[in-house]
Amino acid sequence: MTLTHPVDHKCISPRQRSFVVACLWIALLSVLFAPVVKADGSALTHTPYEEQLDRYLSLSDREAKRVLLQEVIVGLNTRHAPSTYVRAWTYRAFEVAEDGDVDNAVSIVTDLVRYAERNPYPDVWSEVLANKVALLAWQGETTQALLVSDQLAEHLIHAENPRVRYYGNVVITGMFRSNSQFERALTHALYAQDALSEINNERSATRRLGLNRQIALIQSDLRNYPAALEIVNRSIREAREDSSLEEDIPSLLLMKGYLHGQMDQHQASIDVHQEAIEWAERTNQPGIVLVSMNNIGSTLIHQERYAEAEEVLSQALEQALAAENEDTAHLIQFNLGYIQVMLGNASEGIAAIEEHGAYLLEHYSESEQVDLYTYIAKAYQRAGMFEQQAEALLEQRRLNEEVFQSEREKSMSEMQARYEAIEQAQQIELLEQRNALQERVIENARLQRTIFILFGIVVVFGLILVALLYRAARRANLRLKDANKQLEFHSLRDPLTQLLNRRALQEQMSKRQTDERRAQPGQHPDAMILLDIDFFKKINDQYGHAAGDQVLKVIGERLATLARSSDMVIRWGGEEFLIFLRNSDPEKLAEITERVLRTIGDEPVQHEDMEIPVTATAGFISLPFAGIPEKDLNWERALQIADMALYIGKVHGRNQAYGIMGLNAPYEQVQPLLERDLSKAIDQDKVDYIIVKGPQK
Ligand SMILES: Nc1nc2c(ncn2[C@@H]2O[C@H](COP(=O)(O)OP(=O)(O)OP(=O)(O)O)[C@@H](O)[C@H]2O)c(=O)[nH]1
């Protein structure tokens, strides 16, 4: 006879089993997100609150869950959709039960039953009764729970909401399984599977995991360990691929470890249990850590490694007692007692086995009791208590007959095959959904890449456009600048001679007023020589207008060549030129003017095959004149004097220049005459002047 540990993680002890049932209940609830359902034309569910309740199930923080549920319950009233109303209150019932206030939980469920009597929708009844079954199981009221399960099954037939149908049938599956009614359990697992197919969506993997776990438990109860292991392995694979299923991995590993143990694969069992412990610690599931430690101890017992087993189990017991995990503590103490018996401490060991075994038997399923009796009988045998051993074996045989009936196994295997077929179909559908999802992800990535490339192209084109626009704008600006320059050039130039014009001088003179250099010591005054070509009308008349133009151009060029870079040569009027000389020594002004007259008259102007002799008459003056401040005698007045001097030059024979060099009387006295009649001022000797002759031929 092999030494097989009697207890697995799922049915450790009555209370713990109830806890596991309750956990399963909540785990299943957490996967039952269903769409809004309407029945008899009236809305049974209230979508926003349903969504809140779905969110409630996905929360892990108890306080946050409590707050959220409170909000929903306060918001709801009996007039709201009855299905949502009862759903919320069943969660509240579970919360208070978990807090240890079972009486309160019972009273909530009692109220819900009354509510269902007033609102007799199948969905409402199913939700309420499923909750009642779970609560009765929690309390260890198995018989009562089974009775209510039958009622529940009746209502579920008419229920419309697939979430409710799924939940109710899974609760019944668990219930019948724990009562060794495997056939009925499987039937309801199939119903649950049907409901599941109606709410098939991206959460189907989670739902299927819950259902598959039930099936694996049934297989395990029926001692069909390889089949159970296959389901568990498949579930583990799925859970590892889906991060939302991470919390389920520890319990699946625990079950896998247990199944290896049942198949005498001891090392595999220990390894997998170790992994279960690591995962349970990582996901904060201390209950699973304790059961895994117990199961490792149990496997060591199986290998007769009692010292190691005792060490692990003592450690586990310490932790179980500290955590007040009474159920696991009983289980561990049973195993420790078994070790004592095996080590020869019969009285101590048997006492522990009887005490803790009684506790375990009271709440175990029949299938689990069969296992337990194996160890009890073996312990009696080792202690030499053969009578008790025989009783234990008889009881075990009775239970065995109840649990395993060949007829039933046959019909069950058919159902099992049906389940597997549907399961496979659902798995394929799930895979297809995953593939579709993956394709969508790939498509999205491709779309994103395309958008990114298009965006890049747009940016590049945008940049090119901006660069082109910038270049065009820059060119336009340059052209504009150029045009402005030209405009400015032409506005200040005489188009015929290209010399500066009147405006240029006016601009210059308005600037000159702010020119402070003139006030500096060592600086000479400026000067103006105003020139008029002699008998220009005759030139026009004799040689033609074009020749006249040519004369003006050539004279302009000659004057420009003669002038310094600081001087300004201006075409003042028709045949009039003005030379404005900066910083010009008055002593040298006559000499400069003479050079000017020679420049004009020395050489005749060539035009076509004609030689045109040209002379000019000039008047010149310094500025400021005779030390008179320019505010009293400005450049225009000075030019007027030079113009009068020029006129005198014309009157006195042309080809000469009159320079007005100074005053022989105070300016105030001379001023009226000077401005009106220069000839008279000269005659009266009020003015100091000089005559410069042009080239004589
Ligand atoms: N070809 C040409 N002739 C011009 C231009 N501007 C003015 N004139 C002519 O120059 C002549 C000037 O004649 P006047 O003012 O009588 O003087 P003038 O003949 O030079 O005689 P004086 O000045 O007294 O020596 C006029 O006949 C104008 O038509 C020009 O740009 N081109």
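Q: What makes two strands a pair, and how does this apply to β3 and β8?
A: Two strands pair if DSSP finds at least two bridges between them; strands themselves are DSSP runs of E with at least two residues, and helices are runs of H or I with at least four, numbered from the N terminus. Eight bridges join β3 (residues 526-533) to β8 (residues 616-623), so the two pair under that definition. They run antiparallel, and Leu530 stands opposite Gly619 in β8.

Q: Where do these numbers come from?
A: Residues are numbered from 1 along each chain as its sequence is written. This is a predicted model, in which local features need pLDDT of at least 70, side-chain atom pairs count only at pLDDT 80 or more, and totals for chains, interfaces and linings use all residues.

Q: Why do β4 and β10 count as edges of the sheet?
A: The open sheet has six strands in the order β4-β5-β3-β8-β9-β10, with mixed pairing. β4 (568-571) and β10 (687-693) each have a single partner strand, so one side of each is left without a neighbour in the sheet.

Q: How do you know what span to expect of helix α13?
A: The expected span is 1.5 Å times one less than the number of residues. Helix α13 (residues 266-282) has 17 residues and reaches 24 Å from its first C-alpha to its last, close to the 24 Å expected.
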